[in-house]
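Visitor: I would like to learn how to read a protein model. Where do we begin?

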Amino acid sequence: MIDAVVFDLDGVLLDSEQVWDDAREQLARERGGRWHDRAQRDMMGMSSLEWSRYMHDTIGLTDEPAEISREVVRRLASHYRERLPAIPGAREAVERLAARWPLGLASSSNRELIDLTLDLLGVSDLFRATVSSEEVARGKPAPDVYLEAARRLGVDPGRAAAIEDSHNGILAAKAAGMRVVALPNAHFPPDAEALGAADVVVKTAAELTVDAVESAG
């Protein structure tokens, strides 16, 4: 039995992982960092506190982590306002599921970007609770952001379904005890281990239906 649905943001509602990658890589190269091919995958699911520290310690930017985070968020917010990279069918999926369940959102994005995205998509009022991983102790794959979303929704995590696209996100939702509907990220697909942990796998946002979520439960 499913009592609530918790969406991820990047990779589920937005085709934004590449936008994040480009913004961080550009900043690293502009400021003398040591970018490498594993950087984006390493940072997927990290909270802003974690990935900005990674940019400072591992990529080698001399700016303080808080400044790194502010600059990347500024660049993404500008991009979103100019052209929001919404995944086709994402808004309709939110509206479809909101008609059946209370919705939450558990994202690694910064609070500013969560609020901006939901406003630009026109779905802010459909989410009863939204959580940024910067508001909890640990980012994904730790379960903290999903546990907090369930707490704010007032539901048992075991009676909630998460919609996730990434390896770390799927593992985070499972660690929280949630059912998982996986919508694999096209650019950074989860590996077989993570997909095997999902209860349902869909290919497009159009397949995020009430029946698909109920089958996860």
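This is a predicted model: local features need pLDDT of at least 70, side-chain atom pairs count only at pLDDT 80 or more; totals for chains, interfaces and linings use all residues.

Visitor: What is the order of the strands in the open sheet?

Guide: Read a sheet by going from strand to neighbouring strand. Here 6 strands form an open sheet in the order β3-β2-β1-β4-β5-β6, and the pairing is parallel. Each edge strand, β3 and β6 (200–201), pairs on one side only.

Visitor: How many bridges join β1 to β4?

Guide: Pairing is read bridge by bridge. Strand β1 (residues 4–7) and β4 run parallel, joined by 4 bridges. Take Phe7 as a landmark. Its bridge partner in β4 is Ile163. In β2, Phe7 stands opposite Leu105. β1 and β2 also pair in the parallel sense, over 3 bridges.

Visitor: Which strand does β2 join through 5 bridges?

Guide: That is strand β3 (residues 127–132), and the two run parallel. Look for Ser107: its bridge partner in β3 is Ser132. Now follow the chain. It crosses from β2 through α6 to β3, and this β-α-β crossover is right-handed.

Visitor: And on the β5 side, what should I look for?

Guide: Start with β4 and β5. They run parallel, with 4 bridges between them. Ala161 stands opposite Arg179 in β5. The chain gets from β4 to β5 through α8, and this β-α-β crossover is right-handed. Then go on to β6. It is joined to β5 by 2 bridges, and those strands run parallel. Val181 has Val200 as its bridge partner in β6.

Visitor: How many residues of β2 are buried?

Guide: To read a strand, sort its residues by the way they point. Then ask how covered each one is. β2 is mostly covered, with 5 of its 5 residues buried. Leu103, Leu105 and Ser107 point one way, Gly104 and Ala106 the other way, and all are buried.

Visitor: Which residues of β4 point one way, and which the other?

Guide: Ala160, Ala162 and Glu164 point one way, while Ala161 and Ile163 point the other way. All of them are buried.

Visitor: Now the helices. What is the general idea?

Guide: An α-helix has 3.6 residues a turn, so residues three or four places apart point the same way. Keep that in mind as you turn to α7 (144–153).

Visitor: Why is α7 described as largely enclosed?

Guide: Count its buried residues. 7 of its 10 residues are buried, so α7 is largely enclosed by the rest of the structure. The buried ones are Asp144, Val145, Tyr146, Glu148, Ala149, Ala150 and Leu153. What covers them includes β1, β2, β3, β4 and α8. Just after α7, Gly154 takes a positive phi of about 75°.

Visitor: Which residues are buried in α8?

Guide: In α8 (residues 167–175) they are Asn168, Gly169, Ile170, Ala172 and Ala173. Their cover includes α7, β4 (160–164), β5 (179–182) and α9 (192–197). α8 too is followed by a glycine, Gly177, with a positive phi near 90°.

Visitor: Loops next. Is Asn110 buried or exposed?

Guide: Compare its relative accessibility with the cut-off. Buried means under 20%. Asn110 is at 6%, so it counts as buried. Its place is in the loop between β2 (103–107) and α6 (111–121).

Visitor: What is Asn110 in contact with, leaving aside its neighbours within four places in sequence?

Guide: Look across the fold, not along the chain. Asn110 is in contact with Trp20, Ser48, Trp51, Ser69, Val73, Ser132 and Glu134. With Ser69 there is a polar contact of 3.2 Å between the side chains.

Technical notes. Residues are numbered from 1 along each chain as its sequence is written. Side-chain values use heavy atoms; hydrogens and water are left out. Buried means under 20% relative accessible area, exposed over 50%, partly exposed in between (1.4 Å probe, protein chains only). Contact means heavy atoms within 4.5 Å. Two strands pair if DSSP finds at least two bridges between them. A crossover is right-handed if, with the strands pointing away from the viewer, the path from the first strand over the helix to the second runs clockwise. A polar contact is a pair of N or O atoms within 3.5 Å; within protein, one must be able to donate a hydrogen and the other to accept it, and residues adjacent in sequence count only if both atoms are side-chain atoms.
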